[in-house]
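Welcome! Here are some exercises to work through with the structure in view. Try each task before you read its solution.

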Amino acid sequence: MKIFIQQVLNGLTAGSVYALIALGYTMVYGIIELINFAHGEIYMIGAYGGLLVLTLVGAHHSSGLGTVLLAMTGGMLLSMAYGLSVEKFAYKPIRDSSRLSLLITALGASIFLQNFVMIGQGASDKTYVSLALLNTTFNLHGVSITVNQILIFAVALAVMLLLDLFVNRTLTGWAMKAVSQDPVTAQLVGINVNTIISITFIVGSGLAGIAGVLIGFYYGMVNFYIGYLAGIKAFTAAVLGGIGDIRGAMVGGLLLGLIESLGAAYISPDYKDAFAFIILILILLIKPSGLFGKGQV
Amino acid sequence: MTYILPFAWTVAIAVPIMGFSRAVMAGTFMLAGIIVYTAFTGRTRRLQVYGLLRSRLESSFVVRHAWILVLAVSVIAPLLLNSYSLDVFTSVLFYAMLALGLNLLVGDLGLLNLGYIAFYGIGAYTDAILSAKFGIGFWPSLMLGGAAAAVFSLVIALPTLRLKGDYLAIATLGFGEIVRIVLNNWDSLTNGPNGIMNIPRPSLPWTQFASGISFFYLSLCILILQAYVLVRIKKSRFGRYAVAIRENEQASAMVGINTYAVKTIYFMLSAFFGGIAGVLFASKQMFVSPDSFTFIESVYVLAMVILGGMGNIAGVMVGAFTLVVLPELLRSFVIYRMLIFALLLITMMLFRPEGLLGKRT
């Protein structure tokens, strides 16, 4: 039972991060029907952005929560900048082309960013400073939870609530929904579709950037290729929840994290990375519109 | 402003990742890219010269009979090459087989397969297990490798081919990873990350394909056979179904084409050719390990299809040749290789999505 609860906790931690990344996938898909392969790389760039801030402010073992938040902001901003650039320079010029062209461009953007970072930052792992604050561990009847995990839950929860408010309660959020339903009519009622698409990319990328910094602290290191696997898993989470559906992506992410963690503990740790793909194929087979999706796919 | 802003922006966002001097370099590249792009999309939307040149070239006698020249060169050249160059050219043949197989899907049907290398891997491991462990021999395992790949392809084809093409792309990506993870972990069958050694070379009653040259010719024969089969398929009723589906799936279904069946058969065929190439690869190397079947290899093959021309058999072979030989010549730029590949994908989609030799539709 203790192992089970521990695995659930670990699964929810990973799941919160998947959910944060999945939101970007689902938002972009909802608005321009593009699987943004480069999104995983945006997450990776966020992790590097956080690392850069930590180096700049000279973070050390006993740095406090302020440093953590600063790193998160830095990662978020860098990811936003890259997300916006990918949209403007790669996707916008060919938005009206065939779906195949769009997908291949997205793939190209993903590989480009990966190698861009590899050339700039080197191929070896870079370590995040290990903060005493985040490594503090609480023990509750044999189940341990670190401040780092609590931070991930808290940030993920706060960000999701804010996003939900943004999409459902602000004018920009409504405009986003309108564009995703019908871009032509949205334009007719005076919505600047290009701006809305850019905002979607910026918001989604910012969430991925935050996720990147969180995972940097959690695993203690970053590498240029971390975006690839995380990206596919987050996409799986988005499909699981119903692609295009924001709340679905949140639930899908948490669920995927749980399945992975429990699968690794009770079935086989060697196949941990394969579970996500098996789920992806199963969900496409059984209910391609996802758990909460209702739309046509 | 159209030039300064993108330049400044690129430099600004590149600085945190790669430092000032390289960021300025990136900005300069961006600037050059934008100048080229505006030149293309300005008054002359496409370079008219290219089209004119092409139609002239295409109708010329030499170009129409170029395949004879290519064939002659590929028959004679191996006799003159050293063993390293011969290896490079043998891998051109393997990649050409793969690219032609993938082209069935990407070019003819307009569907993206991002895990294509998995079928190559399934073929290679089928040969490794059947020939090295059970001594079945090359020829049966050539067919069985292709068949195994085709059967496994159904795992992906059946659930995803009913959905939009995007789902196929991501599901094949996942499938590619699953195959690699299984190859890496199923120690009793695949010997895990260490791979399988001592795979026998093919033989016929009167000869053995032990030398590099004989293997080259064997592969060349199989490639020619494959190209011939593909040309026949393309010209058949079935091939036209595929083009119809690519151009308009709904309309094709309306006129009575069973689009799901056609797509599934195409997917299996494509996997079959990937499997055959894999068997050849395994018996050429006499060794297989999961490292040869990574995602980036799938991208590599995709880039060949796109560069040469989607749906164009000669173009795809040119693409395979270019993308295998060129990196060999540019060895000193090895860390920029994937970066250049990625830029190639993006710029091709921007300027010539139909590829260098592809037909504009």
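## Exercise 1: A pair of helices in chain B

This is a predicted model. In it, helix 11 of chain B uses B:Y241, B:A242 and B:I245 to meet B:T259, B:V262, B:K263 and B:Y266 of helix 13 of chain B.

Task: Find how helix 11 of chain B and helix 13 of chain B are oriented to each other.

Solution: 
- Start with the geometry: the two helices, residues 237–247 and 259–285 of chain B, pack at an angle of about 110°, and their axes are 10 Å apart.
- Angles of 65 to 115 degrees count as roughly perpendicular, so helix 11 of chain B is roughly perpendicular to helix 13 of chain B.
- Then look at the crossing of helix 11 of chain B with helix 13 of chain B, which is left-handed.
- Finally, sort the residues of this contact: 5 are nonpolar, 1 is polar and 1 is charged.

## Exercise 2: A second pair

Task: Work out how helix 6 of chain B lies relative to helix 8 of chain B.

Solution: 
- The axes of helix 6 (residues 117–133) and helix 8 of chain B cross at roughly 30° and come within 8 Å.
- Angles under 35 degrees count as roughly parallel, and therefore helix 6 and helix 8 of chain B are roughly parallel to each other.

## Exercise 3: Where the chains touch

Task: Which helix of chain B gives the largest share of the side that touches chain A?

Solution: 
- Count the contact: 36 residues come from chain B and 43 from chain A.
- Helix 8 of chain B gives the largest share of the chain B side, 12 residues.

How values were computed: Residues are numbered from 1 along each chain as its sequence is written. Chains are lettered from A and ligands numbered from 1 in the order in which they are written. This is a predicted model: local features need pLDDT of at least 70, side-chain atom pairs count only at pLDDT 80 or more; totals for chains, interfaces and linings use all residues. Axes are lines fitted to C-alpha atoms, for helices over the stretch in contact, and angles run from 0 to 180 degrees between N-to-C directions. Helices (H or I, at least four residues) and strands (E, at least two) are DSSP runs, numbered from the N terminus. Angles under 35 degrees count as roughly parallel, over 145 as roughly antiparallel, 65 to 115 as roughly perpendicular and the rest as oblique. A crossing is left-handed if the near helix is turned anticlockwise from the far one by less than a right angle, and right-handed if clockwise. Two residues are in contact if their C-beta atoms, placed from the backbone, lie within 7 Å. Ala, Val, Leu, Ile, Met, Phe, Trp, Tyr, Cys and Pro count as nonpolar, Asp, Glu, Lys and Arg as charged, and the others, Gly among them, as polar.
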